[in-house]
Number of protein chains: 2
Amino acid sequence: MKLTVVGAGIGDPELLTIKGLKALQQADVVLYDALANEALLDHAPNHALRIFVGKRRTVKTSTQEETNDLIVQYARTHGHVVRLKGGDPFVFGRGFEEMEYARRHGIEAEYVPGISSAVAAPGLAGIPVTYRNLSRSFWVVTATNSDGELSADLELAAQSDATIVVLMGLSKLSEIAAIFKRYGKSDLPAAVLQNSSLSNAKHIFGTVDTLEHQLDTLRTAPSVLIFGEVVGLDVRRALEGLIVEGRR
Amino acid sequence: MKLTVVGAGIGDPELLTIKGLKALQQADVVLYDALANEALLDHAPNHALRIFVGKRRTVKTSTQEETNDLIVQYARTHGHVVRLKGGDPFVFGRGFEEMEYARRHGIEAEYVPGISSAVAAPGLAGIPVTYRNLSRSFWVVTATNSDGELSADLELAAQSDATIVVLMGLSKLSEIAAIFKRYGKSDLPAAVLQNSSLSNAKHIFGTVDTLEHQLDTLRTAPSVLIFGEVVGLDVRRALEGLIVEGRR
């Protein structure tokens, strides 16, 4: 009777860790959501149940409470439950809550870290989150709090020299850009990154001022926004200011 | 003729990605430093050269310039160079500089993300860097800039509600704590984390006020400092306020 919360990484199934792979190979049940690459399910044994618990747009098929209950029920009836979550389970993933819930019900719970889009998506797009003498820190923020309001952290973030990485922020890009502009950072390099580890990667490079006007061709998809001087490091690319498609 | 900069993860050799494993298996030369687990070298083929390029305390055996040159020379003479770096290569790792240098010399360069201690060390110590309604962002900072001065980002970080993760900061703990105290955060939960993924893990939990006085038994080693309400999440452990040894 055990729960293993596994970070699935950011799309490319080879960005799973060896430890995550071994957990999947020993799973009796895999609970996965939309952000985990479904190819990873092939690592689970034939007998393992594969259950989708992601949040769909139209109908909330699985609330967090339902997922918590499923974990406990399946651990009791089937043994080893692997909860596969996109990125790292503790980066805005509610993985800790699921582990707490399992433990309160007497179920052992383990965490297996995953590659987070906060660092790896910029990296795969050619943007290091830190760079000597240019960025000495990076700050990872969600666009909105649980009430759907713009995160108060963004106000302070826009005043810092940190590289700012915003997860789940595409629909709020105009409001986020407005905050940076208020602090005189219209010309700060910025980018929108989608599917950075996959062959259909889409990366748009611009500035705080231009980025929101460059989104015409961008489909709605999980996106990483990044603001900071490090975005301009690849000067040739920054001068082009164009959409970069395909794996880098 | 190729360079692959691979994130080695944070100690446990199973925290390497499958992609990183495959790169090692196809290496002709592996350049590694002290932060990468040497067990990972076993994945390289028998014929592959294994070269230590880490910085030693007493003698600077390899400067960054020397490492850059080694990458280019070995790529030319041997083919595929894997540069194995602890954590993620772009988190204070200078991995991007090595890729830039290689590309300027006509050598293809690829980045393979790694598990960073910034997120995974807290996670393995039972601390999620984000938690609903408690921490909506996390900020990853080094203690000092390249001149050895305390990072200016820390001043702003201490004023934010973000979870603050400080890498390479153990020797500056008193000065960092002083900044948090100046902003009325003496009671903010804080922790020092070492070897979090290994059986000799050492984790000390306290507050901004108490932490520096709890370090007597702590050996000098690469450490992650973390400040924020999320550190107090595991209530039982926080009440004990004691050193936690061993793998969690």
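Author: Happy to! Let's start with helix 1 of chain A, where Ile18(A), Lys19(A), Gly20(A), Leu21(A), Ala23(A) and Leu24(A) are buried. Do keep in mind that this is a predicted model.

Reader: How many of the eight residues in that helix are buried?

Author: Six of the eight are, so helix 1 of chain A, residues 18-25, is mostly covered.

Reader: And what covers the buried residues of helix 1 of chain A?

Author: The cover includes four strands of chain A: strand 1 (2-7), strand 2 (29-32), strand 4 (80-85) and strand 5 (108-112). Helix 1 (18-25) of chain B is part of the cover too.

Reader: Nice. Let me zoom out for a second. How many helices and strands does chain A have?

Author: Chain A has seven helices and eleven strands. Of its 248 residues, 59% count as buried. If you take the contacts in chain A with a separation of 6 or more, 66% of them come from residues 24 or more positions apart.

Reader: Which residues have the most contacts inside the largest nonpolar core?

Author: Those are Leu3(A), Ile127(A), Leu3(B) and Ile127(B), in a core of 86 residues.

Reader: What does Leu3(A) touch?

Author: Setting aside residues up to four places away in sequence, Leu3(A) touches Ile71(A), Val81(A), Arg83(A), Glu98(A), Met99(A), Ala102(A), Ile107(A), Glu108(A), Ala109(A) and Glu110(A).

Reader: Let's switch to helix packing. At what angle do helix 2 and helix 3 of chain A pack?

Author: Helix 2 (residues 64-78) and helix 3 (residues 95-104) of chain A pack at about 45°, and their axes are 10 Å apart. That angle makes helix 2 of chain A oblique to helix 3 of chain A. The crossing of helix 2 of chain A past helix 3 of chain A is right-handed.

Reader: Which residues meet there, between helix 2 and helix 3 of chain A?

Author: From helix 2 of chain A you have Gln64(A), Thr67(A), Asn68(A), Asp69(A), Ile71(A) and Val72(A). They meet Glu98(A), Tyr101(A) and Ala102(A) of helix 3 of chain A. Sorted by class, this contact of helix 2 with helix 3 of chain A has four nonpolar, three polar and two charged residues.

Reader: What about helix 2 and helix 3 of chain B, how far apart are their axes?

Author: The axes of helix 2 (residues 64-78) and helix 3 (residues 95-104) of chain B are 10 Å apart, at an angle of about 45°. Helix 2 and helix 3 of chain B are therefore oblique to each other. Helix 2 of chain B passes helix 3 of chain B in a right-handed crossing.

Reader: While we're in chain B, is Phe96(B) buried or exposed?

Author: Phe96(B) counts as buried, because its relative accessibility is 7% and the cut-off for buried is under 20%. Phe96(B) belongs to helix 3 of chain B.

Reader: What is Phe96(B) in contact with?

Author: Beyond its neighbours within four places in sequence, Phe96(B) contacts Gly126(A), Pro128(A), Tyr131(A) and Leu233(A) in chain A, along with Pro89(B) and Phe90(B) in chain B. Phe96(B) and Val5(B) are 91 residues apart in sequence, while their C-alpha atoms are 8.6 Å apart in space.

Reader: Back to chain A, then. Where is Ser223(A) found?

Author: Ser223(A) is in strand 10 of chain A, residues 223-227. Ser223(A) is buried, with a relative accessible area of 7%. Leaving out neighbours within four places in sequence, Ser223(A) contacts Val166(A), Leu167(A), Met168(A), Leu170(A), Val192(A), Leu193(A) and Gln194(A). Ser196(A) is 27 residues from Ser223(A) along the chain, with 9.2 Å between their C-alpha atoms.

Reader: One last topic: backbone angles. What is phi of Asn195(A)?

Author: Phi of Asn195(A) is near 50°, a positive value in a residue other than glycine. Asn195(A) lies in the loop between strand 8 (189-194) and strand 9 (202-207) of chain A, and Asn195(A) is partly exposed at 25% relative accessible area.

Reader: And where is Asn133(B)?

Author: Asn133(B) is in the loop between helix 4 (117-124) and strand 6 (137-142) of chain B. Phi of Asn133(B) is near 65°, a positive value in a residue other than glycine. With 52% relative accessibility, Asn133(B) counts as exposed.

Notes:
Residues are numbered from 1 along each chain as its sequence is written. Chains are lettered from A and ligands numbered from 1 in the order in which they are written. This is a predicted model: local features need pLDDT of at least 70, side-chain atom pairs count only at pLDDT 80 or more; totals for chains, interfaces and linings use all residues. Side-chain values use heavy atoms; hydrogens and water are left out. Axes are lines fitted to C-alpha atoms, for helices over the stretch in contact, and angles run from 0 to 180 degrees between N-to-C directions. Helices (H or I, at least four residues) and strands (E, at least two) are DSSP runs, numbered from the N terminus. Angles under 35 degrees count as roughly parallel, over 145 as roughly antiparallel, 65 to 115 as roughly perpendicular and the rest as oblique. A crossing is left-handed if the near helix is turned anticlockwise from the far one by less than a right angle, and right-handed if clockwise. A nonpolar core is a set of buried Ala, Val, Leu, Ile, Met, Phe, Trp, Tyr and Cys residues joined through side-chain atoms within 4.5 Å. Buried means under 20% relative accessible area, exposed over 50%, partly exposed in between (1.4 Å probe, protein chains only). Contact means heavy atoms within 4.5 Å. Ala, Val, Leu, Ile, Met, Phe, Trp, Tyr, Cys and Pro count as nonpolar, Asp, Glu, Lys and Arg as charged, and the others, Gly among them, as polar.
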